[in-house]
Amino acid sequence: MKKLPMIVMMSAPYFLLGLFLTDAAALPRGGIAFAIVMLLGALYAFYLAKTDCSGHRIVFWCMVLKLCNVPVFLLIFLVAAGFFVMMLPLIPFLVLFDYFLLLSTSMYGISGLLKCGKEGRLSGKAVAMNIVLQFVFCADVLSAVYCCFKTREKADSNE
């Protein structure tokens with residue numbers, strides 16, 4: 001049951017893109033549902049930090065969420081590059097969509113990094129630097145992968 005919010009967050013961008021391709025009239029309702037799912041998922045990241053969930057586990061979910069979003073970002077990039085002139089009116093919505101994905105998944109990174117800092121799995125300097133990287137496109141994915149592997153090594157040596 002703990003994994004359900006993350007699984008829903010992983011599938012939400014694909015659902016919204018599928019809705020865009022099949023039934024554009026339902027897109028406003030789908031966009032609102034997408035926003036609610038991502039907002040609740042982002043809040044859930046901070047709830048996890050208050051439970052017995054380890055910082056490594058939260059950072060792991062951050063990495064999984066970000067890696068699952070890579071195909072969505074690539075698809076948007078390829079479509080926008082291929083149909084640039086026709087995509088111009090959609091650019092504000094695509095930017096909003098991209099930042100919504102970035103910020104909602106970055107909450108897992110921030111929550112996990114803060115918890116890893118408290119647990120002593122990462123130094124304060126590493127936590128601060130990686131929190132900043134969570135707000136930069138592409139660097140957020142690299143930061144999530146790095147932190148997941150770095151905290152795993154610490155978790156293995158401490159247990």
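Author: The expected span of a helix is 1.5 Å times one less than its number of residues, and the model to which this is applied here is a predicted one.

Reader: How far apart are the end C-alpha atoms of helix H3, and which span should its 28 residues have?

Author: Helix H3 runs over residues 55-82, and at 1.5 Å a residue its 28 residues should span 40 Å.

Reader: Where in H3 does a kink lie, and of about how many degrees?

Author: The kink in H3 comes shortly before the proline at position 71. Its angle is about 30 degrees, and the residue at which it lies is valine 70.

Reader: Are H1 and H2 roughly parallel or antiparallel?

Author: Helix H1 covers residues 4-22 and helix H2 covers residues 27-50, and the two pack with their axes 9 Å apart at an angle of about 165 degrees. Angles over 145 degrees count as roughly antiparallel, and therefore H1 is, relative to H2, roughly antiparallel.

Reader: What residues make the contact between H1 and H2, and how many of them are charged?

Author: On the side of H1 the contact includes Pro5, Met6, Val8 and Phe20, while among the residues of H2 that take part are Gly30, Gly31, Phe34 and Tyr44. By class, the contact of H1 with H2 holds 16 nonpolar residues and three polar ones, and the number of charged residues is none.

Reader: What is the handedness of the crossing of H3 and H5, and how many charged residues does their contact have?

Author: The axes of H3 and helix H5, which covers residues 91-119, come within 8 Å and cross at roughly 160 degrees, and the two helices are therefore roughly antiparallel. The crossing in which H3 passes H5 is left-handed. Their contact has 15 nonpolar and eight polar residues, and its charged residues number four.

Reader: Are H1 and H3 roughly parallel or antiparallel?

Author: The axes of H1 and H3 are 10 Å apart, and the helices pack at an angle of about 5 degrees. Angles under 35 degrees count as roughly parallel, so the arrangement of H1 and H3 is roughly parallel.

Note on methods. Residues numbered from 1 in each chain as written. Predicted model: local features only at pLDDT ≥ 70, side-chain atom pairs only at ≥ 80, totals over all residues. Heavy atoms only, no water. Helix = DSSP H or I, 4+ residues; strand = E, 2+ residues; numbered from the N terminus. Bend = angle between axes of the 7 residues up to and from the residue. Axes fitted to C-alpha atoms, helices over the stretch in contact; angles between N-to-C directions. Parallel < 35°, antiparallel > 145°, perpendicular 65-115°, else oblique. Contact = heavy atoms within 4.5 Å. Nonpolar A, V, L, I, M, F, W, Y, C, P; charged D, E, K, R; others polar. Left-handed = near helix turned anticlockwise from the far one by under 90°.
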